[in-house]
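Subject: Model handover

Hello,

Here is the model you asked for. Please look it over before reading my notes below.

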Amino acid sequence: MISDERLLEQMAEGDQAAFEAFVHRYHVPIHQYTERLLKDSKKAEDVVQETFIRLLKQLKSKQIPTYPKAWLYRVASNICKDYWRSAQYRSEDTAKEEMPVTVDQQASVIEIYERQETRKEMLASLKNLSESQQQIVTLRFYQDMKLKEIADILDLPLGTVKSNLFHALKKLKGVLSKEVEKEAANNEGTTQSRPRAVSTRR
């Protein structure tokens, strides 16, 4: 498979096929990443388009990114950050309510995740994290990136990424534990046998 760097070189020379191949390679992963952060497919698509536009501008100025994949994610992350700082975002009802942290000593985060019935519930739990923590968790578990790559993308020290990931997982564990307990309580209530109707007719 042709390398990202080679595709970018060909793109810089005006090769349309190379551009299409590069977009085909990264459009879906970048869209999935930004959609998980923004919880909005349309806004995510806007971010993806802006990311590729910035790439083209970069190539036009003959500056080919050294690590294209990390560069793309970094640009997409920065656009998301700009959106979160924008008046548009602040005007939307996006205030997050911090959930109390409760650590279940009996189950790991992975086990708790496995208990969740739907992917939607798992993604919804991310809203309990800070923006930075959401980015780190998404890049680590949904984009399967190494901590060093995440540090490069988010322009953070490796130690900060590790610390944020630790606290994010701890917080998620608390949130998901509560969801599991709530679900178990609901199931318990619905599985109780109903009192048998007693007929008075003979």
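Is aspartate 4 buried or exposed? Aspartate 4 counts as buried, at 12% relative accessibility. The cut-offs are under 20% relative accessible area for buried, over 50% for exposed, and partly exposed in between (1.4 Å probe, protein chains only).

Some ground rules. This is a predicted model: local features need pLDDT of at least 70, side-chain atom pairs count only at pLDDT 80 or more, and totals for chains, interfaces and linings use all residues. Residues are numbered from 1 along each chain as its sequence is written, and side-chain values use heavy atoms, with hydrogens and water left out.

**Salt bridges**

The structure holds 7 salt bridges. A salt bridge here is a side-chain nitrogen of Lys or Arg within 4 Å of a carboxyl oxygen of Asp or Glu.

Aspartate 4 pairs with arginine 25, with 2.5 Å between the closest N and O atoms. The two residues are 21 apart and link distant parts of the chain: aspartate 4 sits in helix 1 (residues 4-12), arginine 25 in helix 2 (residues 16-38). Helices are DSSP runs (H or I, at least four residues), numbered from the N terminus. Arginine 25 is partly exposed, at 23% relative accessible area.

Aspartate 40 forms a salt bridge with lysine 43, at 3.2 Å from N to O. Aspartate 40 is partly exposed, at 25%.

Arginine 140 and aspartate 144 form another, at 4.0 Å from N to O. Aspartate 144 is exposed, at 63% relative accessibility. Arginine 140 is partly exposed, at 28%.

**Helix 9**

Helix 9 covers residues 147-154. Its buried residues are Ile150, Ala151, Ile153 and Leu154. Aspartate 155 follows helix 9, and its phi is positive, near 55°.

**Confidence**

The protein averages a pLDDT of 80, and 78% of the residues score at least 70. pLDDT is the predictor's confidence in each residue, from 0 to 100. Helix 2 has the highest confidence, at 93, and helix 6 (residues 109-115) the lowest, at a mean of 57.

Two stretches need a look. Residues 94-105 have pLDDT below 50, with 22 contacts in the model beyond near neighbours in sequence. Contact means heavy atoms within 4.5 Å.

Best wishes
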